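Trainee: I would like a close look at a single part of this structure. Please take it step by step.

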Amino acid sequence: MGLFKNIIDRFRGSEVDWDDLEETLIAGDLGIRLTTDLVDRLRETKGLTDADKVVEACRKEISSIIGDESIEIPSPRKDGKPTVILVAGVNGVGKTTSVAKLASFLKARGSSVVLAAADTFRAAAIEQLKIWAERVDVPIVTTQYQGDPSAVCFDAHQKAISTGADYLICDTAGRLHTRHNLMEELKKISRTLAKNDETAPHERLIVVDATTGSNALSQTKEFGTALDLTGVIVTKLDGSGKAGSIVAIKHELDVPARFIGTGEKEEDFSVFNPRAFIDTIL
Ligand SMILES: Nc1nc2c(ncn2[C@@H]2O[C@H](COP(=O)(O)OP(=O)(O)O)[C@@H](O)[C@H]2O)c(=O)[nH]1
Ligand SMILES: [Mg+2]
């Protein structure tokens with residue numbers, strides 16, 4: 001990895017090629033807007049031409065955008081009510097897998113979790129989450145294929161409340177007949193969860209696939225119109241994705257990365273650590 005590795009190798013000890021730097025940042029999924037901002041700002045910095053120093057300045061800028069603290073899922077609530085986590089995103093990005101990974105992660109912290117299988121649009125999706133629930137050993141609430149997703153979330157929320165569970169995690173569909181319907185459905189799920197607890201859902205996470213480049217930014221923008229997003233789960237960082245989209249999403253939409261997925265197994269998951277990101281990805 002190493003977004004800047006090429007630049008450093010080629011220009012070490014000499015002046016950086018600004019066009020090259022710009023291309024590198026765009027290829028790293030930082031997005032046109034952020035890249036242009038960044039390069040313009042650095043170019044205007046007097047005396048800053050030496051490649052190593054330019055790269056260092058870039059790292060600093062990126063670091064100031066993403067911050068340096070991880071953001072954890074809040075500890076179980078003092079009032080004993082469940083913290084509700086709604087997970088959304090387009091098809092195939094890794095929602096269902098991430099829901100299972102997150103359940104396993106919270107369970108390992110000693111918390112109890114209930115799952116809601118609210119992707120009722122695909123029959124296989126319900127089955128997939130059921131298998132995960134068994135594997136992770138957490139209760140799950142489902143309905144029949146093409147059942148009402150909001151009703152599943154409502155029922156699962158009631159189960160989480162009545163059993164005193166610490167967390168409820170709702171998996172949702174990534175595709176409905178139209179994208180408009182999908183956004184409306186997500187808003188309805190959110191409103192329905194608020195019926196049992198007006199502060200729910202407490203976390204609204206979007207899952208994006210690191211290998212899809214700038215799509216991650218546009219998807220976050222779109223889902224942000226339906227849900228006031230509290231974070232991003234970035235999956236498939238074990239692939240070729242550079243994940244610069246994490247920086248672009250934070251910069252443009254102010255939605256922070258929260259977790260990363262680095263494989264298909266439940267342990268391939270961790271809290272996003274900005275410092276480690278700067279060190280290993282850049
Ligand atoms: N390599 C890799 N594959 C992943 C990761 N997360 C999910 N997947 C795979 O991506 C595919 C789609 O995942 P799924 O959870 O069904 O996506 P959904 O449609 O958004 O619910 C599955 O084959 C997963 O095993 C990850 O972090 N790395
Ligand atoms: Mg799914």
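Which residues line the largest cavity?

Mentor: Keep in mind that this is a predicted model. The structure holds 1 cavity of 30 Å³ or more, and the volume of the largest cavity is about 40 Å³. Its lining is made of Ala118, Pro149, Thr172, Ala173, Leu182, Glu185, Leu186 and Ile189. Sorted by class, that lining has 6 nonpolar, 1 polar and 1 charged residues. Helix H8 (residues 179-196) gives the most to the lining, with 4 residues.

Now the sheet. An open sheet is formed by 8 strands, in the order S3-S2-S4-S1-S5-S6-S7-S8, and the pairing is mixed. Strand S3 (140-141) and strand S8 (269-271) are the edge strands, each pairing on one side only. Within the sheet, strand S1 (residues 83-88) pairs with strand S5 (residues 203-209) in the parallel sense, over 4 bridges. Leu86 has Arg204 of S5 as its bridge partner.

Two helices that pack on this sheet deserve a mention. Helix H5 (residues 95-108) touches S1, strand S2 (113-118), strand S4 (167-172), S5, strand S6 (231-235), strand S7 (257-261) and S8, and the direction of H5 makes about 170° with that of S4. Helix H6 (residues 123-136) touches S2, S3 and S4, and the direction of H6 makes about 165° with that of S2.

Conventions. Residues are numbered from 1 along each chain as its sequence is written. Chains are lettered from A and ligands numbered from 1 in the order in which they are written. This is a predicted model: local features need pLDDT of at least 70, side-chain atom pairs count only at pLDDT 80 or more; totals for chains, interfaces and linings use all residues. Side-chain values use heavy atoms; hydrogens and water are left out. On a 1 Å grid over the protein atoms alone, a cavity is a set of points where a 1.4 Å probe fits but cannot get out, and a pocket is an open set with protein on both sides within 12 Å along at least five of seven lines; lining residues have an atom within 4 Å of a point. Grid points are joined across faces, edges and corners, and a volume is the space filled by probe spheres set on the points. Ala, Val, Leu, Ile, Met, Phe, Trp, Tyr, Cys and Pro count as nonpolar, Asp, Glu, Lys and Arg as charged, and the others, Gly among them, as polar. Two strands pair if DSSP finds at least two bridges between them. Contact means heavy atoms within 4.5 Å. Axes are lines fitted to C-alpha atoms, for helices over the stretch in contact, and angles run from 0 to 180 degrees between N-to-C directions.
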